[in-house]
Amino acid sequence: MSPARTGSHEVQSWTRATKQSLCLVWQKVKLQLMLSMSFLVAVFWYCRRLYSFLAQLLKRWSSYLQRKLIKNHSVLEEVDLLAYSAREWREETKQAKHMREAYSELFQNYHIKYLRQVRKDNYCILRAVLFQIFSQGIPFPSWMRERDILKLPEKLLYSQGCNWIQQYSFGPESYTGPNAFGKLRKCMETLKINWAEISGTKDNEKRRNMCNALFSDESKEHKLYEAIKFIMLYEVVEAYEQMKNRDEPIPHLFRRLFARDTSSDPLSFMMNHLNAIGDSGCLDQVELFLLGYLLEVKIKVYRLHRFKSEEFQVNCPDEYRREWNEISLLTEDDHYYHIPVIRT
């Protein structure tokens with residue numbers, strides 16, 4: 001065989017071997033690429049499923065927290081007054097039309113543009129009043145600054161001999177017994193501490209956050225309301241003693257209160273009215289007068305079910321001092337109350 005043919009054969013053999021080697025390498029690389037692509041597809045699919053699962057989980061958790069937060073807040077954020085009216089009274093009944101007209105009247109002529117809904121229970125009116133007092137930073141009434149309210153239970157029990165306060169009932173707890181005195185003192189402490197702290201806070205945003213936190217704590221809330229109930233009882237006892245001894249004239253609201261068969265004296269007032277508040281009953285109008293009197297606030301009440309009558313808007317008490325702060329309530333039935341928000 002000639003040298004030229006030999007060289008050509010070697011070149012062909014080398015080329016063929018190279019192609020075979022490249023083909024083997026490509027087959028291996030191709031297999032690795034296919035495996036890598038399959039792995040990446042699987043990872044992508046898994047991550048997509050994981051993302052979808054986590055997104056659903058986050059959505060459910062967010063909804064749960066939102067419901068929990070709304071549930072815990074006993075006073076909700078502002079809502080548009082007319083939107084609330086249209087939603088709550090959308091039927092075409094006579095009563096619904098009457099309520100929509102009343103809401104429209106508030107919006108047009110009383111500058112009430114928004115509403116804060118208050119939890120509907122038998123502490124409702126006390127909650128609506130105290131929330132406004134705290135959120136506005138209204139200080140203690142003058143008489144409360146002159147005496148230590150923590151000593152009122154002790155004074156009533158020992159100085160004035162009202163041992164029947166052991167029958168005092170703490171709202172939904174329906175608790176009575178020898179430990180009533182100790183429980184009342186804790187309620188008074190809660191009221192005094194929180195009122196002093198919040199009214200002493202000048203920064204509006206900080207005070208608003210403090211109010212939201214306080215009115216999301218059911219245990220503390222109930223103590224506040226029981227303290228106010230007891231102060232109402234204390235004021236009634238004081239007025240009753242003054243009336244019996246004829247020491248000095250008493251405000252007309254007390255005469256109205258004692259004129260009722262069910263509250264002719266402090267004990268019957270407690271048993272037939274105060275003990276039910278927070279449990280099975282709420283404040284009557286004369287008790288709302290008493291509440292405004294002892295807290296030294298003018299409570300302006302818009303009674304929508306009395307629209308187009310002289311009782312549509314009333315002041316509680318009807319005898320008040322010019323220097324008193326003013327708060328407002330809105331009711332559709334004299335049982336549950338909300339907070340109207342005025343914008344001029």
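Strand 2, residues 112–118, is largely enclosed by the rest of the structure, because 5 of its 7 residues are buried (under 20% relative accessible area, 1.4 Å probe, protein chains only). Strands are DSSP runs of E, at least two residues, and helices are runs of H or I, at least four, numbered from the N terminus. This is a predicted model: local features need pLDDT of at least 70, side-chain atom pairs count only at pLDDT 80 or more, and totals for chains, interfaces and linings use all residues. Residues are numbered from 1 along each chain, and side-chain values use heavy atoms, without hydrogens and water.

Helix 9 covers residues 218–245. Its 28 residues reach 41 Å from first C-alpha to last, close to the expected 40 Å (1.5 Å times one less than the number of residues). At its start, a side-chain oxygen of Asp217 comes within 3.2 Å of the backbone nitrogen of Ser219. Just after the helix, Arg246 has a positive phi of about 55 degrees.

The largest nonpolar core has 76 residues (buried Ala, Val, Leu, Ile, Met, Phe, Trp, Tyr and Cys joined through side-chain atoms within 4.5 Å). Phe134, Leu233, Leu291 and Ile299 touch the most other members. Helix 9 gives the most to this core, 13 residues. A separate core has 16 residues, including Met99 and Phe312.

Terms used: Buried < 20%, exposed > 50% of the residue type's maximum accessible area, 1.4 Å probe, protein only. Polar contact = N/O pair within 3.5 Å; in protein donor to acceptor, adjacent residues only side chain to side chain.
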